[in-house]
Amino acid sequence: MVDKPVTEATPETHEDDLLRNHRELQRLFDQVEVAKTEWERTMDCVPMMVVLTNNSGSVQRCNKSLADYLHKDYYEIIGRNWALLLSERGLPINSSQGSTRTIHEESSDKWYELKMHPYTSKGKIPSSGHVITITDITIQKKFAEQLEEKNHQIMVNLCELNNKNAELAEAYAALKTTQSQVLQQEKMASIGQLAAGVAHEINNPIGFITSNLNSLGKYLTRMSDFIQLQSKALASPGDPLLLEEVRQKEKTLKMNFILNDSLKIIEESLDGSERVQKIVQSLKSFSRSDDGKRVSADVNECFESAVNIVWNEIKYKAALVRELGVLPPTLCYPSQLNQVFMNILINAVHAIENQGTITVRTWHDDGSIWASVSDTGHGIPPEAVSRIFEPFFTTKEVGKGTGLGLSISYEVIKRHEGDIWVESTPGEGTTFTIRIPVIEAG
């Protein structure tokens, strides 16, 4: 095997290698310079101040934001102590604080956040120090202060609102009490207006009961005389004259009539006392307060109680037609419903000038109890229909109405979660219709 001859490098070849190496190094240096310039320009575009220091605190590099803040040239900053530079500018630096701190510049009333990030270089020449960033947080600080102030104001407002709520709750309780008092006063006022009629309704049965008792007393005297004569005849059973006397006495005293009439008197008196009892019971039911508690009741009974109270008003001016359906019991305020029905019945009576008809209907449909009162009176003018439930509004003459009856009726039905409305044709009559939901006792 023949070895190849070794070619010796000529001076020209060595020079070419050096040139190539130089060009390659120049290219690398250029790339580093470009990268360095790009990085410096990048850091100069960052709004926060960036400082690179060694372990002794001397500035090794910084960005344009710091130079602009210090009003110094870049080369005036390099090598200076970073904390001293900032303190000279008016930004006090306390070295005892942690790596993150908030600093206030009094001269400009600005706030800055300073962060220190330790670093270590592990190159051929090891070095260590810190990268320090200083960010203007004035806007955030002011916003936080405003937010804190607003939060404080919100808390103050909440406290005031709680106080207002307490006052409102107290006022609402007082309003409810006043409303109950007004309701009760209106009830008593209504009874006062009807007192003469109610007294007449009670006096009538009391009158004939008294008369019947007088008659019954006379009958008892006659019956006592006749019984004594019968006892005498029984003691002498064989005495024909005494027996004849008994027969004659029976005819003279009209004992058969007395016995039959006594039974009628007792029956009439019982009817009269029952009538008085109904009126008194209706008055008690009407005048008592519901104490804010619902009870299970029959709406038909509420209607009947109202009719019993106003009957003396009705019977002289209208024929009362009852069309009461079968109703389920419902949780309600019976005394208040009594007043509603009484107010509507009185209005119906007052709407009839001479003679007319009042028709009362109740029925159960679609989970609700319905009731209507119709009259054949003079009706309500169209312009008054929309105001009929307003407090103190009345179509009656001065002194004949408070204007509270229907407004109270409206509030009562709303309290029962129901509805009330009116339909009227002038000259033909008026119908009030009520709906309340059926609420079963729990």
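Predicted model: local features only at pLDDT ≥ 70, side-chain atom pairs only at ≥ 80, totals over all residues.
Student: What makes β3 and β4 a pair?

Tutor: DSSP joins β3 and β4 by six bridges, in the antiparallel sense. Strands are DSSP runs of E, at least two residues long, and helices are runs of H or I, at least four, both numbered from the N terminus. Two strands pair if DSSP finds at least two bridges between them, so six bridges make β3 and β4 a pair.

Tutor: Residues are numbered from 1 along each chain as its sequence is written, and side-chain values use heavy atoms, with hydrogens and water left out.

Student: Which residue takes a positive phi in the hairpin of β3 and β4?

Tutor: D109 does, with phi near 55°, and the hairpin has four residues between its strands.

Student: How do you know that the side chains along β3 alternate?

Tutor: R101, I103 and E105 point to one face and are buried, where buried means under 20% relative accessible area with a 1.4 Å probe, protein chains only. In the chain as a whole, 33% of the 442 residues are buried.

Student: What makes β2 and β3 edge strands?

Tutor: The open sheet has five strands in the order β2-β1-β5-β4-β3, with antiparallel pairing. β2 (59–62) and β3 (100–105) each have a single partner strand, so one side of each has no neighbour in the sheet. Further in, β1 (residues 49–54) pairs with β5 (residues 127–136) over six bridges, and V51 has I132 of β5 as its bridge partner.

Student: Why are α8 and α9 called oblique to each other?

Tutor: Their angle is about 40°, with the axes 8 Å apart. Axes are lines fitted to C-alpha atoms, for helices over the stretch in contact, and angles run from 0 to 180 degrees between N-to-C directions. Angles under 35 degrees count as roughly parallel, over 145 as roughly antiparallel, 65 to 115 as roughly perpendicular and the rest as oblique. About 40° falls in the rest, and α8 and α9 are therefore oblique. Among the residues that make the contact are A306 and V310 of α8 and F341 and L345 of α9.

Student: What is L345 in contact with, leaving aside its neighbours within four places in sequence?

Tutor: A306, V307, V310, I358, V360 and V373 are its partners, contact meaning heavy atoms within 4.5 Å.

Student: What makes a set of residues a nonpolar core?

Tutor: Its members are buried Ala, Val, Leu, Ile, Met, Phe, Trp, Tyr and Cys residues, joined through side-chain atoms within 4.5 Å. The largest such core here has 41 residues, and L337, F341, I344, L345, I358 and I434 touch the most other members. Nine residues, the largest share, come from α9. Apart from this core lies another of 21 residues, including L66 and L86.

Terms used:
Buried < 20%, exposed > 50% of the residue type's maximum accessible area, 1.4 Å probe, protein only.
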